[in-house]
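Reader: I have just opened this model and would like to learn how to read it. Could you walk me through it, one feature at a time?

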Amino acid sequence: MLSDYLHEFWGLALIHFLAVVAPGPDFAVTLRQSIRFGRWMGICTAIGIGAGISVHVIYTLIGIGALIHSTPWLMTIAKMIGGIYICYLGVQFIRSKPEKTDFILPNEALPQQRNLRRAFSTGFMTNATNPKATLFFLAVFTTIVSATTPLSVQIFYGVWMCIVNAAWFILVSCLFSSPTVRLQFVRLGHWFERAVGVVLIGFAVRLLFISV
């Protein structure tokens, strides 16, 4: 069945990939997690981001996304929730204090399970609360995906996008969590974290006060 929708699929896949690689809150959070806490934490954050996509896919497929988009006050609430959460992350990063450099090890040990869960949750919430993702999925599923496309195929599209998101940010995590790269960044220490926090707050302000 999918072979009948390859043209539609590749169009969607290309647009989605371009949106994924464009820098945004997901990239900033993955970068910070990977550099500060290492590869495993970065990977779990990336997987959480990929899982967060499923939230947008589900409510888009069942029509709630269109309802939110067509109801101004619901869209405002969604925008406020996303902006406040991203701003919260930014403030947490700005409050970062200097750390010793001995947390960077050539052979990283697997972090504690609760820390991995926290990393996953951070990635998940960063993506799931971003209303710009809502608008993206509404645009994709109303302009590229035909109304006659079977639900099973649309679900495949959603799963594909979840996997691509996770895979891209896992790659980002692996690149920025290498000991050499981390050593370069750690020289900036908490100043780097604060800079990432400022970027996130910038995203939040833009989300809250500029039309999406």
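Author: Let us begin with helix axes: an axis is a line fitted to the C-alpha atoms of the stretch in contact, and the angle between two axes runs from 0 to 180 degrees between N-to-C directions. Bear in mind that this is a predicted model. Here, the axes of helix α3 (residues 39–61) and helix α8 (residues 151–176) come within 8 Å and cross at roughly 160°. An angle over 145 degrees counts as roughly antiparallel, and therefore α3 is roughly antiparallel to α8.

Reader: In which hand does α3 pass α8?

Author: The crossing of these two helices is right-handed.

Reader: Which residues of α3 and α8 meet?

Author: On the α3 side they are Arg39, Gly42, Ile43, Ala46, Ile47, Ile49, Gly50, Ile53, Ser54, Val57 and Leu61. Their partners in α8 are Leu151, Gln154, Ile155, Gly158, Met161, Cys162, Asn165, Ala166, Phe169, Ile170, Ser173 and Cys174. Sorted by class, the contact of α3 with α8 has 15 nonpolar, 7 polar and 1 charged residues.

Reader: Let me step back to the whole chain. How many helices and strands are there in the protein chain?

Author: The protein chain has 10 helices and 0 strands. Read from the N terminus, its elements run α-α-α-α-α-α-α-α-α-α.

Reader: What share of the residues in the protein chain is buried?

Author: To count as buried, a residue must have under 20% relative accessible area. Of the 212 residues in the protein chain, 43% are buried. The accessible surface of the chain comes to about 11300 Å², and carbon and sulfur atoms hold 70% of that surface.

Reader: And how do I read contacts along the sequence?

Author: Look at the separation of the two partners. Among contacts in the protein chain with a separation of 6 or more, 90% join residues 24 or more positions apart.

Reader: Back to the helices, then. At what angle do α2 and α8 pack?

Author: Helix α2 (residues 25–37) packs with α8 at about 40°, and their axes are 9 Å apart. The two helices are therefore oblique to each other. Their crossing is right-handed. From α2 the contact takes in Asp26, Phe27, Thr30, Leu31, Ser34 and Ile35, and from α8 it takes in Asn165, Phe169, Val172, Ser173 and Phe176. By class, the residues of the contact of α2 with α8 are 6 nonpolar, 4 polar and 1 charged.

Reader: Thr30 is in that list. Is threonine 30 buried or exposed?

Author: Threonine 30, found in helix α2, counts as buried because its relative accessibility is 0%. Not counting residues up to four places away in sequence, threonine 30 touches Gly42, Thr45, Ile49, Phe169, Val172 and Ser173.

Reader: What about arginine 32: is that residue buried or exposed?

Author: Arginine 32 is another residue of helix α2. Its relative accessible area is 11%, so arginine 32 is buried. Apart from neighbours within four places in sequence, arginine 32 is in contact with Phe37, Phe93, Glu193 and Val196.

Reader: How do α3 and α6 pack?

Author: Their axes are 6 Å apart, and the angle is about 40°. That makes α3 oblique to α6. The crossing of α3 and α6 is right-handed. Residues of α3 in this contact include Trp40, Met41, Cys44 and His56, while those of α6 include Asn115, Phe120, Phe124 and Asn127. The contact of α3 with α6 divides into 13 nonpolar, 7 polar and no charged residues.

Reader: Where does asparagine 127 lie, and what does asparagine 127 touch?

Author: Asparagine 127 lies in helix α6 (residues 113–128), and counts as buried because its relative accessibility is 3%. Leaving aside neighbours within four places in sequence, asparagine 127 is in contact with Asp26, Ile49, Gly52, Ile53, His56, Ala133 and Asn165.

Reader: Last one: where is proline 150?

Author: Look in the loop between α7 (131–143) and α8. At 23% relative accessibility, proline 150 counts as partly exposed. Proline 150 and tyrosine 5 are 145 residues apart along the chain, and their C-alpha atoms are separated by 9.8 Å.

How values were computed. Residues numbered from 1 in each chain as written. Predicted model: local features only at pLDDT ≥ 70, side-chain atom pairs only at ≥ 80, totals over all residues. Heavy atoms only, no water. Helix = DSSP H or I, 4+ residues; strand = E, 2+ residues; numbered from the N terminus. Parallel < 35°, antiparallel > 145°, perpendicular 65-115°, else oblique. Left-handed = near helix turned anticlockwise from the far one by under 90°. Contact = heavy atoms within 4.5 Å. Nonpolar A, V, L, I, M, F, W, Y, C, P; charged D, E, K, R; others polar. Buried < 20%, exposed > 50% of the residue type's maximum accessible area, 1.4 Å probe, protein only. Areas by Shrake-Rupley, 256 points an atom, 1.4 Å probe, with all protein chains shown as cover.
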